[in-house]
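Have the structure open beside you as you read.

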Amino acid sequence: MPTPPSARGGRRPVAVVSFAQAQNQRREAHRNEVETLMPVFADVLGKVGITKDDVDFICSGSTDYLVGGPFSFVSALDAIGVWPPRRESHVEMDAAWALYEAWVVLQEDGVDAALVYGFGKSSLGDLSRIVALQLDPYVMAPLWPDPVALAALQARALLDAGKASEEDFAAVAARCRRSALDNPMAQVAYDRTVDELMTEDYVVAPLRRHALPPITDGAAAIVLAAGDKAFEWAERPAWITGIDHRIETHSPGGRDLTLSPSTAMAGRLAGVQDGRVDVAELHAPFAHQELILAQALDLGEGVSVNPSGGALAANALMAGGLIRIGEAASRIMDGRADRAVAHATSGPLLQQNLVAVLEGGR
Amino acid sequence: MAEAREPVTTLDTPIRLEYLFSAGIAQSKNLRGLAEGRFVGQRCPVCSKVYVPSRGSCPVDGVPTDEEVALGNTGTVTTFCVVNVPFAGQSIEIPYIVAQVLLDGADISFMGLIQEIPADQVRMGLRVEAVWVEPDQLGPSMASVKHFRPTGEPDAEYASYKDYT
Amino acid sequence: MFYFLHGARKVRGIDCEEVTVDQTAGADEGVLTSAHVLEYPYSRSVGPVIGAFLTGLRDGRILGASGSNGSVVVPPTEYDPETAEATGELVEVGPAGTVTSWAWIADPAPGQPLDHPFAWVLVRLDGATTSVLHVLDAPSPSEVRTGMRVRADFLPATERVGRIQDIRAFVPADDGGPG
């Protein structure tokens, strides 16, 4: 049996062995959440030839506000079939944090595999209002600031600090959407030059339309396996050799919006700089946020950033961070990369950040 | 209003969210059945259980329940409660009976109102049938079922519904 | 409760493309949709620190919390966001301050503080070390810039109830800087 690469933290090696996602789209007109998830589960389990009964733990990330119904995550379990009674958990966060919880649970003996999933159907409600509800409920949410306006405050701060230009934002969008042309699951993909993008109108200055993420209905799932089981199920598991997440104050006015110290710290603790990085999948819903994240992780030249197109290609809330981990892991599993960084964000303006390092080993 | 005022201790933060709810494929079939005055269930291809209403999956096996099953109008009370609490907007006279009804041919019970029988005579095993609203009142909603009433048949044997209580 | 929707709804411009979402898609295959409204009439207990802040707003004053290392947190929190230590006494800040970032809104959404075009602003009030999010009532974006001086414009005393909207808006203040 081969040995996994050495990891930071954790007493058992854990790897991503399978990843699947639903087609990202503006509006899923037919299927409800359960009907969307079922084929994703069939895909993610089928890829490694296992059934739901082969996983020892199930963990999901979603938010009921998107659906407008309480305990939607409980109904979503109908898509798996939790009989006999299963060990299960849920986070009201992006499913990247569900993956973190699963990674922790997989440190236990007797828990050798986990199914992690996230889903978000944003087309049902008014996303601007729903997202505003993640803000402080006393002094911010009552003003109903929308997420694009908040992102614009951050983008403006970058410009004012001389750390980026509007052309830099357009360059991120042009690269991500061009990369997305190779991603069959992407929602928005195109080949346009920076000059072309700079002719677009502002949605909220200094953000032009290209700097915004799409609104997406989507879902994704990952199978994690520990130790020998990972080698049993996958030819080349994507070993999680480091994972950490950090949070900052919820108040955007209490932070330097041009920096992401929580990403930097999580990256350090996950060991991003312990070796060469081939690929980085960064969860940057707005184009300018990719610049902040790349700087926080100190990604140098030669790193392929968001080869999937990132969150600018598809931005399924509560699944977008997990998809970054899945996209990074896919590139390890199929041999396109040896060492990858995956990042997920949660909360307003990069408040909370998770960084994972994935390696193929020998 | 110049008098000294108390410190602020509470803050009203009303939230209103508008959605376009989508029932999905399976639930829409069930709701369309209700609009036509009939129950439509779905069968699991693995365990053969029939779910009504179905969410499109078997919650035991996690597989799509694509096969539609037309269900009849009759069923059995598997359990019930007597409601004695009045509440605002109540249109039914108390006490009244809310029961779990297992339709014949189905493997899951759902909630229904039992009428046309004194409350103290309702019992587990009681055979009932659905009473639908007038045809022009039918819609894609459980409100199409006005209530259930006794069929007059002998009670069902406990063994026939013990797995569904 | 369920019905078919006719026509398409133009979504507000927060998408990365101009999209018109066809709400009737799916109806061809019999998928039912329904308008669904959720209302949460929350009445929140505000606690000692936010309570004092809101009481201050009602009385026409803006309060910040003294934190660790000389910080003054506005709006005040019960803990210092950097050190997690309990914050100390409340001190009055503003009512003037400096814009630290801004974003012009040409088409305000329902529920936002102003119904005519305005700028979202982060304002570092004089005496504070953090910025507060609010709106700036300015005639046009050409008259807004980072670093500009602004001051809080309170609603009349009789209309203030103890909420963030007791500050009607910030307005430009050509006061030559913190005094």
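1. Strand 4 of chain C pairs with strand 5 (residues 72-73) of chain C in the antiparallel sense, over two bridges. Strands here are DSSP E runs of at least two residues and helices are H or I runs of at least four, both numbered from the N terminus; two strands pair if DSSP finds at least two bridges between them. Within this pair, Ser66(C) stands opposite Val72(C). Five residues lie between the two strands of the hairpin, and Asn69(C) in the turn has a positive phi of about 55 degrees.

2. A word on what we are looking at. This is a predicted model, in which local features need pLDDT of at least 70 and side-chain atom pairs count only at pLDDT 80 or more, while totals for chains, interfaces and linings use all residues. Residues are numbered from 1 along each chain as its sequence is written, and chains are lettered from A and ligands numbered from 1 in the order in which they are written.

3. Back to strand 4 of chain C, this time its other partner. Four bridges join strand 4 to strand 6 (residues 90-93) of chain C, and the two run antiparallel. Leu63(C) sits opposite Glu92(C) of strand 6 of chain C. Is strand 4 of chain C enclosed or open? Strand 4 (residues 62-66) of chain C is largely enclosed by the rest of the structure, because four of its five residues are buried. Buried means that 20 or more other C-beta atoms, placed from the backbone, lie within 10 Å of the residue's own.

4. Chain C as a whole has one helix and 11 strands, in the order β-β-β-α-β-β-β-β-β-β-β-β from the N terminus. Of its 179 residues, 35% are buried.

5. Now for confidence. The model scores ipTM 0.92 and pTM 0.94. In pLDDT, the predictor's confidence in each residue from 0 to 100, chain C averages 87, with 84% of the residues scoring at least 70. Please note residues 1-13 of chain C, where the pLDDT is below 50; beyond near neighbours in sequence, this stretch has 28 contacts in the model. A contact is a pair of residues whose C-beta atoms, placed from the backbone, lie within 7 Å. Chain B has a mean pLDDT of 91, and 98% of its residues reach 70 or more. Among the elements of chain B, strand 8 (residues 127-132) has the highest mean pLDDT (97) and strand 1 (residues 10-22) the lowest (90).

6. Turning to chain A, there is an open sheet of 10 strands with mixed pairing, in the order 3-2-4-7-1-8-12-11-9-10. Its edge strands are strand 3 (88-91) and strand 10 (304-305) of chain A, each pairing on one side only. Strand 8 (residues 238-247) of chain A runs antiparallel to strand 12 (residues 352-359) of chain A, and eight bridges join them. Trp239(A) faces Glu359(A) across this pair, standing opposite it.

7. Helix 10 (residues 261-270) of chain A deserves a look. Which of its residues are buried? They are Ser262(A), Thr263(A), Ala266(A), Gly267(A) and Ala270(A). After helix 10 of chain A comes Gly271(A), with a positive phi near 85 degrees.

8. Finally, the interfaces. The contact between chains A and C takes 41 residues from each of them. Helix 6 of chain A gives the most to the chain A side, with eight residues. That side has 26 nonpolar, nine polar and six charged residues, where Ala, Val, Leu, Ile, Met, Phe, Trp, Tyr, Cys and Pro count as nonpolar, Asp, Glu, Lys and Arg as charged, and the others, Gly among them, as polar. The contact between chains B and A takes 23 residues from chain B and 25 residues from chain A. On the chain B side, strand 1 of chain B has the largest share, nine residues.

Note on methods
Two residues are in contact if their C-beta atoms, placed from the backbone, lie within 7 Å. A residue is buried if 20 or more other C-beta atoms lie within 10 Å of its own, exposed if 12 or fewer, and partly exposed in between; C-beta atoms are placed from the backbone.
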